[in-house]
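Student: Please take a close look at one part of this model for me. I would like to follow the salt bridges and the places they connect.

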Amino acid sequence: MRTQLVLTCLVFLCLVLGGVAGGAAKVPRNNFYKSTSCPNAEQLIRDITWRKAKNDATLGAKLLRVHYHDCFVRGCDASILLDKVGTVDSEKEARPNLSLGGFDVIDDIKRQVEAKCPGIVSCADILALSARDAVSFPFKTSMWEVETGRKDGNVSLASDVNGNLPSPFSDFATLKQIFANKGLNVDDLVALSGAHTIGVSHCGAFSRRLFNFTGKGDMDPTLNATYAESLKKLCPNPANPNTTVEMDPLSSTSFDSNYFNILIKQNKGLFQSDAALLNDTKSVIVIKKLQKDKTFFVEFARSMQKMGAIQLLTGNAGEIRKNCRVRN
């Protein structure tokens with residue numbers, strides 16, 4: 001069904017089989033499409049994604065974030081891809097999702113897949129696979145397994161987003177609870193936060209730490225002072241809403257363990273939610289373990305598979321959309 005990566009958001013680990021929610025989810029299987037009339041679906045999606053990633057070093061971060069935001073709200077059902085209907089805002093219109101990108105890439109992959117295999121491959125699986133493949137492109141191998149067989153959801157409401165997506169302003173207790181609500185533990189929280197090793201953020205997600213942390217015009221004392229001064233130059237108060245900053249300084253296009261190194265050694269976590277990981281003993285133990293690329297890759301893959309299995313639609317539940325932006 002779905003795969004597994006987030007920027008700051010994860011999801012319920014409950015499976016929906018035939019529309020009935022269950023416990024720890026288990027996606028159908030690897031290579032689900034091998035036994036369908038579209039046996040080369042995963043290869044096709046990888047080839048298209050890699051061609052696009054070759055010309056866009058930011059694609060992995062974009063699609064990974066969309067996948068995260070999808071799975072945290074209503075599960076991994078591609079509800080994040082649906083456009084609004086009438087006056088009812090869809091998930092796309094929710095404030096945390098306004099800066100998401102890569103929808104055009106998903107649209108193009110879907111068009112090409114439909115041209116070869118109409119009505120077979122879900123948008124949910126395309127999103128999960130392309131997120132994995134875009135991140136994996138520099139390594140020329142799949143960085144985690146994606147089980148497939150997901151169906152697409154029919155509901156997308158902006159009102160469902162708040163309370164399900166972790167915020168960059170969240171403290172550790174809040175993060176831990178949101179992840180637990182999705183069947184994810186502290187190991188998953190820390191490993192998936194490692195996705196912040198790629199991508200950028202707008203100034204508004206962290207400017208309070210620079211200029212008004214406690215409402216008294218002060219700076220967050222847990223933030224590296226030299227780093228904070230450099231951020232202030234990039235994001236003065238008020239900041240240009242179009243300005244973006246690397247989440248992992250000087251390494252924002254390299255998927256590696258550098259995020260954990262600068263977090264624990266230099267206090268350069270960009271968000272309050274990053275710094276919050278240092279406020280829990282168990283979390284710090286995990287951070288130290290993930291400072292090595294090899295360990296991070298293994299643990300990230302494991303947590304991505306768990307995230308990608310959140311609240312899945314399979315069997316008679318959901319549908320296979322013809323166009324990822326609209327219900328059939």
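**Salt bridges across the chain**

Tutor: Arg74 counts as partly exposed, at 33% relative accessibility. This is a predicted model. Arg74 forms a salt bridge with Asp160, and their closest N and O atoms are 3.0 Å apart. Asp160 lies in the loop between H4 and helix H5 (172–181), while Arg74 lies in the loop between helix H2 (59–72) and H3, so the pair ties together parts that are 86 residues apart in sequence.

Next, a pair that involves H4. The side chains of Arg150 and Asp125 meet in a salt bridge at 2.6 Å, N to O. Arg150 sits in the loop between H4 and H5, and Asp125 in helix H4; the two are 25 residues apart. Arg150 is buried, with a relative accessible area of 1%. Asp125 is buried too, at 0%. Helix H4 itself is mostly covered: 14 of its 14 residues are buried. H4 spans residues 123–136 and reaches 19 Å from its first C-alpha to its last, close to the 20 Å expected.

Asp108 and Lys52 form a salt bridge through their side chains, 2.7 Å from N to O. Asp108 belongs to helix H3 (residues 103–116) and Lys52 to helix H1 (residues 41–54), 56 residues apart. Lys52 is partly exposed, with a relative accessible area of 24%.

Salt bridges also join up. Asp83, Lys92, Asp107 and Arg325 are linked in a network of them. For the model, the count comes to 17 salt bridges.

How values were computed:
Residues are numbered from 1 along each chain as its sequence is written. This is a predicted model: local features need pLDDT of at least 70, side-chain atom pairs count only at pLDDT 80 or more; totals for chains, interfaces and linings use all residues. Side-chain values use heavy atoms; hydrogens and water are left out. Helices (H or I, at least four residues) and strands (E, at least two) are DSSP runs, numbered from the N terminus. The expected span of a helix is 1.5 Å times one less than its number of residues. Buried means under 20% relative accessible area, exposed over 50%, partly exposed in between (1.4 Å probe, protein chains only). A salt bridge is a side-chain nitrogen of Lys or Arg within 4 Å of a carboxyl oxygen of Asp or Glu.
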